[in-house]
Structures are given as structure tokens and as C-alpha cells.
Amino acid sequence: MMSGNYTSIDNQNVTGSVPSVGDPPPHVVVKFNDSNLQTFPPAGAQGKIAGASRPPRDADDTFGKPPSGSDEPQQSGWFRTFTIAAYRPYFDVDTSDVLERIKDSLFPFRGSFSEKTANNPDLYGPFWICTTLIFVAASIGTFVTYLAHKLQKKEWDYDINLMTWSAGLFYGYVTVVPLALYIVLKYFSAPSGFVQLLCLYGYSLFIFIPALCLSVIPQEIFRWVIAGVAGLMSATFVALNLRNHIKSAGESWFLIVAGIFLLQLALALVLKLYLFTITV
């Protein structure tokens, strides 16, 4: 029977057969025993980013731990004074720290240097200040005397004693004077740290570096003024920073401060007579 484009099958025998759909396979049920696994939070994680900054478990921390088989002896007492480890903390400063302390030495009337360096005195700045002073004193002194001899058409000979004398003066002054002051303060029951005194006196010498550079100007009066100003600034810097501490020594505190001030002026006078004066 046809109706349009469609064909209908009515009660017709269709040859062939359609295979029947079989029964679905039985479901397989897998049973797991109760697990004893536990979840642990990250150990030592504090704050928001503490865990992210920790190295992986398999990271090599060889340089983070002291060597177990190190041959370096562990000294104690007076023996530790002769080891590098005893002085390492006094050289652990940044460039910004050194520059800040140099700037304080150029403004002596603040008197806050000792307070700022009480917990972290350094020897890095004083060492390089003294070394720079020795180099500047020897080079500027040699250059000025050379020019003076050439202008007067006289024979010039290099004086090696200028280098050795400068080294003995600056290294000796920045070591012997703080040591003597340390003993005096301890005697008057106003003890101060020896390293802190070394730090204070070392930075007090910085002002003489630009003063020595200005001494190339061939004017004797100008050299006296430069030496005097540098000496006053250095002496004021040391005296004001030690005044509050030395006041605890009793009535003799003024004499101690005056002695410190005059001794620093004496250093400036010696520098003027030996380094700021050019003789031909």
C-alpha cells in the first residue's frame, strides 16, 4: 500500500530475523578496605607565603649547614680572639650603613652616632678610612712637593718615609687612643665597648680625607684654616658622642671630655705641620 512517498507494511511476512538483545552483563562490585591514610598540613607554614619560600625536600642544603667533618677548630676564650670568626660580625655591614655613618661624622653636633652604632659597631669603615687616609696623604703629599720643586726648578726625590709615617700615625692613633680611653673609662667606672670606641675614632678621621685633598692649594693661610676646621669637626664629633656616656664617671667627666677634645686637635696640628706644610 502506497501513500505519497511512504510505504506501509501491513501484515507482511518479513524474511530474516533480528537478533535479540542479550541480558546485560552482571555488575562487578569492588570493595575497598578502610584506609588508614591521614592528611597532614604543611609543617612550619606560618603566614601567607611562608610555605612558598621553603625549598623542596630534596634540595641540596650543603651550604646551609656547617660541614660535619670540618677541620676548623672550635676555639673558646682568649684563643678565639686570634681567629677570623671573632672579627667577622664587625665587618658585616652594608654600603648604605657605612655611608650613613660617614654622613653622621660630617655633622658632629648631632651627637647621635654612639646611639646608632651601640648594637652594631663595625670595623669595616674605620679600616678603609685609615687606609684611604694613608694613600691620600702619601699621594697628595708627594704630588704637592713634586710641583713645588718643579716650579722652583729644583731637583726632587721621592720620600718613602711619607708612606710609612702616615701608616704608623693613622693606624697607631685609631688603635692606641681608643685602647687608652677604654682603660681610663673602666677605671672611672664608666666602661665602654672597645670595638665601639674603635668605630667612633675611625669614623672621626674621615673629615681629614677632603682636608688633605684641599691642601693642594698653594696658600699657607688656607691650609691652616682647612686643618683647623677639620680638627674642630673631628674633635667635636668624638667629644659630643662620648659626653653623655662619660658623665656617669662623676665630677671628673669634664676633664676626660676636654682631654679627648684636645687630643683630637693635637692630631690635626701634627697633620698640618707634617702633611699640610710643603717645604722645598
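## The largest cavity

Asp104, Phe107, Arg110, Gly111, Ser112, Phe113, Phe237 and Asn241 line the largest cavity. On a 1 Å grid over the protein atoms alone, a cavity is a set of points where a 1.4 Å probe fits but cannot get out, and lining residues have an atom within 4 Å of a point. The volume of the largest cavity is about 30 Å³. A volume is the space filled by probe spheres set on the points, which are joined across faces, edges and corners. The count is one cavity of 30 Å³ or more.

What classes of residue make up the lining of the largest cavity? Three are nonpolar, three polar and two charged. Asp, Glu, Lys and Arg count as charged; Ala, Val, Leu, Ile, Met, Phe, Trp, Tyr, Cys and Pro as nonpolar; the others, Gly among them, as polar.

## About the model

This is a predicted model, where local features need pLDDT of at least 70, side-chain atom pairs count only at pLDDT 80 or more, and totals for chains, interfaces and linings use all residues. Residues are numbered from 1 along each chain as its sequence is written, and side-chain values use heavy atoms, with hydrogens and water left out.

## Aromatic pairs

The whole structure holds nine aromatic pairs. Rings of Phe, Tyr and Trp (its six-membered ring) pair if their centres lie within 6.5 Å; planes under 30 degrees apart are stacked, over 60 edge-to-face, and the rest tilted. Tyrosine 187 and phenylalanine 188 form an edge-to-face pair, because their planes stand at 90 degrees, with ring centres 5.2 Å apart. Tyrosine 187 is exposed at 67% relative accessible area, while phenylalanine 188 is partly exposed at 30%. Exposed means over 50%, buried under 20%, and partly exposed in between (1.4 Å probe, protein chains only).

Tryptophan 253 and phenylalanine 254 are also edge-to-face, since their planes lie at 90 degrees, with centres 6.0 Å apart. Here tryptophan 253 is partly exposed at 24%, and phenylalanine 254 is exposed at 54%. Elsewhere, ring pairs link Phe113, Tyr203 and Phe237 into a cluster. Phe113 and Phe237 also line the largest cavity.

## Charges over rings

The charged end of lysine 247 sits over the ring of tryptophan 253, 5.5 Å from its centre. The rule asks for NZ of Lys or CZ of Arg within 6 Å of the ring centre and within 35 degrees of the ring normal. Lysine 272 lies over the face of tryptophan 224, 4.4 Å from the ring centre.

Note on methods:
1 Å grid on protein atoms, 1.4 Å probe; cavity = no way out; pocket = protein on both sides within 12 Å on 5 of 7 lines; lining within 4 Å.
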